[in-house]
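Please have the viewer open as you read.

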Amino acid sequence: MSDYRRDIVNNQTVNPPMTLISGATILSMDDNVGNLERGDILVTGSTISAVGQNLDAHGARVIDATNMIAMPGMVDSHRHSWEGQLRRINPNATCLDDYSNATHFSFARYYRPADMYIGNLLTALSAIDAGITTIIDNSHNSRTAAHSDAAVEALLDAGIRAIHASGAPVAGEWNRAHWPGNWQRLQKKYFENNPESLVSLGVMAQLEPDLWAEARRLGLPIVTEFFGAEMASELESLHKQGLLGPDNIFNHCTALPDQGWEILREAGVRVNVCPRSDSHYGIENGMFAIEAARRHGIHPGLSVDNETSYSTDMFMEMRVAFYLQRVMGMHKHHCCDSEHSLTTLPAEQLLKSATIDGAACAGMQDKVGSLTPGKQADLLLINATDLNLYPDGNAFGTVVHATERSNIDTVLIGGRIVKQNGKISGVDSERLRAAIDESRAHLFAAAGYEPDIFAENFMPLVQAN
């Protein structure tokens with residue numbers, strides 16, 4: 001075992017053959033299953049085997065979910081997990097340059113494999129704590145093969161379901177000789193003979209047909225940071241060449257003209273949007289693109305993007321999306337001539353964006369994203385008796401508008417309990433904090449950065465090269 005793993009997580013618990021979640025309010029996110037005011041979920045091994053009322057499960061482990069809301073685990077369809085230890089280092093950032101100066105052009109250049117590991121581990125464990133059971137890990141700091149290995153091993157150790165999208169660094173020195181051959185090496189080392197792994201492989205690449213071709217040769221999904229106003233002109237040529245397809249995952253898609261959306265829909269490109277980061281960093285028009293996507297028949301997932309400015313949870317992502325939608329609707333209705341009518345999204349639809357639509361973005365809609373018999377048992381239980389949630393006047397409203405990570409009592413991934421009684425399972429908190437502190441100390445010293453927890457802005461360390 002690599003030194004940086006340090007036995008921080010012990011997730012070797014053995015599950016009983018069956019688990020019965022009893023008496024929950026069930027939000028299934030499956031129209032055929034429906035929602036139940038009081039019902040049961042039967043888990044057999046890693047799979048949901050039944051959802052209904054008064055289920056008979058003799059000999060099963062029983063989780064009493066009375067006064068709890070059961071829902072699918074959420075899917076964060078775009079997260080730069082390696083940045084975990086850089087949390088809130090630039091809370092007042094106003095543009096992408098601010099973000100890049102605090103990551104790519106400064107600390108990223110000094111990451112060791114151990115720093116990749118602890119960044120990914122912290123992010124993944126925090127995601128689980130917040131009810132996020134699946135992430136697409138956008139890992140654009142794969143400086144060496146060892147860095148990539150560390151990132152993958154952190155996801156495996158955390159016990160989260162993930163796509164590790166390996167990507168080249170943006171700045172600084174790195175081993176170009178291992179690129180893109182690193183993808184095939186990772187596939188062979190971690191995934192080729194491990195079909196039951198919760199973690200799978202993807203790639204991160206911009207509009208680079210040669211890299212896309214290699215990804216497709218290996219059968220890997222392709223993640224791209226796509227800014228619509230800036231990149232839309234390239235879509236028609238890519239589409240005519242047959243280079244766009246359902247294996248493409250586009251992040252952001254801000255300010256994309258209608259013609260571009262039509263191309264994405266026709267090609268089957270998967271999309272996720274970023275309510276907080278698009279507005280926080282003023283990306284293009286600063287507005288997340290869910291309305292335009294849905295107008296063209298695309299139901300995007302939601303994504304947190306990063307933690308260098310804000311928090312990791314999907315509840316806040318849904319809330320920001322809800323209110324931005326309302327502002328967009330009122331602005332167009334009262335202030336602007338618009339050729340498109342705008343229908344604001346209710347809480348239930350935003351919960352779908354965070355669950356089943358996110359699963360579709362990850363290509364996992366047949367595996368996770370809803371409480372459907374036959375799917376993997378990735379789910380969470382919310383304690384609706386907590387003071388900030390009680391009384392529960394509307395289940396969707398309670399989840400989207402009021403729930404916090406502290407209200408999550410239990411999380412299952414693949415049928416295994418990874419959070420119980422409000423605590424992450426199997427994590428040595430002291431070792432975890434010590435590893436985080438050591439990593440931050442190394443990065444700050446290597447970059448010559450003097451931390452100031454009261455600073456208004458992060459000061460750029462170096463210029464892009």
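A disulfide is counted when two cysteine sulfur atoms lie within 2.5 Å of each other. With that cut-off in hand, we can turn to the cysteines of this predicted model.

Searching the whole structure gives zero disulfides. Take Cys-95: its closest cysteine sulfur belongs to Cys-274 and sits 16 Å away, so the gap is too far for a bond. Cys-95 counts as partly exposed because its relative accessibility is 27%. Cys-253 is in no disulfide either, and for this residue the nearest cysteine sulfur, again that of Cys-274, is 8.8 Å away. With 0% relative accessibility, Cys-253 counts as buried.

How many cavities of 30 Å³ or more does a search of the whole structure find? There are two, and their volumes and linings are set out here.

| Cavity | Volume | Lining by class |
|---|---|---|
| Largest | about 50 Å³ | four nonpolar, one polar and four charged residues |

Which residues line the largest cavity? They are Tyr-4, Arg-6, Arg-112, Ala-114, Asp-115, Ile-118, Ala-435, Glu-438 and Ser-439. Two helices, α2 (113–129) and α15 (429–447), each contribute at least two residues to this lining.

The second largest cavity is lined by Val-9, Asn-11, Leu-125, Ala-158, Arg-416, Val-418, Ile-424, Ser-425 and Val-427.

Conventions: Residues numbered from 1 in each chain as written. Predicted model: local features only at pLDDT ≥ 70, side-chain atom pairs only at ≥ 80, totals over all residues. Heavy atoms only, no water. 1 Å grid on protein atoms, 1.4 Å probe; cavity = no way out; pocket = protein on both sides within 12 Å on 5 of 7 lines; lining within 4 Å. Points joined across faces, edges and corners; volume = space filled by probe spheres on them. Helix = DSSP H or I, 4+ residues; strand = E, 2+ residues; numbered from the N terminus. Nonpolar A, V, L, I, M, F, W, Y, C, P; charged D, E, K, R; others polar. Buried < 20%, exposed > 50% of the residue type's maximum accessible area, 1.4 Å probe, protein only.
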